[in-house]
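Okay, thanks for making time, everyone.

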Amino acid sequence: NEVQFAASNKLKNTNYQNVYNDIANVIRENDEHDDYIGSGPVLLRLAWHASGQFDSKQEIKGGSYNGTLRFDKELSDPSNAGLKYAFDLLKPIYKKYNHQISHGDLFTLAGVVAVQEMGGPKIPWRYGRVDGDIETVPLNGRLPDANQNANYVRNFFHRLNFLEDKEIVALIGAHCVGKTHLKNSGFEGPWGAATNMFTNEFFRNLLTEKWVLEKNEAGNQQYNNDKGYMMLPTDMALVQDGSFKKIVEEFANDESSFFKVFSSAFNKLLENGIKFEKSSPVLYFKTLDEQDI
Ligand code: HEM
Ligand SMILES: NC(=O)CCn1cnc2ccccc21
């Protein structure tokens with residue numbers, strides 16, 4: 001039930017570094033977004049939401065292949081509130097490459113750029129996704145609910161074929177960057193503490209900060225500390241469940257271990273449901289800094 005690789009992309013392997021650089025420059029140019037957190041976090045969330053509606057048991061499988069997040073039908077899913085800004089950042093790049101890159105490839109590549117330009121690990125990436133029509137848009141409501149516990153989180157990621165706790169904990173570690181916004185998700189914060197550097201800080205905060213469960217202005221329960229940080233119920237689930245907690249401790253003590261697991265899990269998320277040809281190359285990209293740009 002894997003989707004076949006269909007298109008022959010006109011871009012040569014080398015040109016994908018140019019696309020990477022164009023997206024990285026958009027992040028640099030939009031550094032004032034969200035009180036100078038910048039546009040990295042919201043582009044990372046776009047790539048995750050373009051891929052995380054995958055469900056191999058459904059007729060319409062979802063996943064990044066068809067690039068369906070481009071349709072309002074999916075972008076208007078309440079889970080995707082705030083992502084139109086990120087999609088609009090990518091539209092000029094889609095136009096520039098004039099149908100030589102698909103939306104699915106563009107959305108997933110943007111996630112790779114965001115992680116790497118925020119100082120995170122290298123993410124291997126392959127091209128070849130083909131835009132599907134509006135019939136391929138998955139039903140809304142397949143992305144996770146933040147008001148849930150550890151069993152919900154584990155079952156949710158099992159649907160995405162993440163059967164190892166390590167992968168699940170690593171992926172949620174992406175909450176080291178960006179923030180929650182009351183108008184998008186009904187959660188708020190952190191102000192001040194929000195970062196745009198991809199590190200293991202999220203895991204360290206989970207273990208070292210004193211968290212108080214409070215009801216926020218939208219009536220949702222969230223965990224707050226005295227520095228304006230916050231954690232979602234599903235974030236806190238990672239230290240409420242014994243197995244998850246051991247992994248949080250490992251990643252809090254060893255950032256390279258977190259990076260290694262995140263890199264392969266994020267690649268797997270972006271490629272869920274896609275069968276690439278044996279010949280399609282796995283690409284690794286240099287950051288702008290590494291190219292002295
Ligand atoms: C249990 C699974 C997850 C839940 C319930 C969840 C929930 C949320 C919520 C409610 C927000 C706030 C959105 C807003 O108000 O703007 C958020 C933000 C974010 N999420 Fe997650 N998330 C999950 C997993 C992930 C994964 C797997 C990734 C990436 C690999 C990710 C990356 C992000 C990023 C980068 C932001 C910040 C976006 C911004 O600053 O605009 N999340 N998440
Ligand atoms: N720096 C931190 O305390 C992480 C803040 N944080 C906790 N859960 C989150 C979910 C999304 C974005 C940021 C989040």
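This is a predicted model: local features need pLDDT of at least 70, side-chain atom pairs count only at pLDDT 80 or more; totals for chains, interfaces and linings use all residues.

Residues are numbered from 1 along each chain as its sequence is written, chains are lettered from A and ligands numbered from 1 in the order in which they are written, and side-chain values use heavy atoms, with hydrogens and water left out.

On confidence, the mean pLDDT of the protein is 94, with 95% of residues at 70 or more; pLDDT is the predictor's confidence in each residue, from 0 to 100. The ipTM is 0.98 and the pTM 0.97.

Overall, we have 13 helices and five strands, meaning DSSP runs numbered from the N terminus (H or I, at least four residues, for helices; E, at least two, for strands). The C-alpha trace spans about 55 × 45 × 35 Å along its principal axes.

Now ligand 1. What does the protein give its iron atom? A single donor, NE2 of His-175, 2.1 Å away. Donors here are N, O and S atoms within 2.8 Å of the metal (3.2 Å for Na, K and Ca), and water is not among the atoms, so sites may look incomplete. His-175 itself sits in the loop between α8 (165–172) and α9 (182–185).

There are 22 residues around ligand 1, counting a residue as near if one of its heavy atoms lies within 4 Å. For polar contacts (pairs of N or O atoms within 3.5 Å), oxygen atoms of ligand 1 are 2.9 Å from a polar backbone atom of Lys-179, 2.7 Å from a polar side-chain atom of His-181 and 2.6 Å from a side-chain N or O of Ser-185. Helix α3 (40–51), α8 and α9 each give two or more residues to that shell, and α3 has the largest share, with five.

On to ligand 2, with 13 residues around it; His-175 turns up again among the nearest, along with Gly-178, Asn-205, Met-230 and Asp-235. Asp-235 has a side-chain N or O 2.7 Å from a nitrogen of ligand 2, while for Asn-205 it's 3.3 Å, to an oxygen of the ligand. The protein covers 96% of the 350 Å² of accessible area that ligand 2 has on its own (Shrake-Rupley, 1.4 Å probe). Both α10 (201–208) and β4 (230–231) supply at least two residues of this shell.

Methods:
A polar contact is a pair of N or O atoms within 3.5 Å; within protein, one must be able to donate a hydrogen and the other to accept it, and residues adjacent in sequence count only if both atoms are side-chain atoms.
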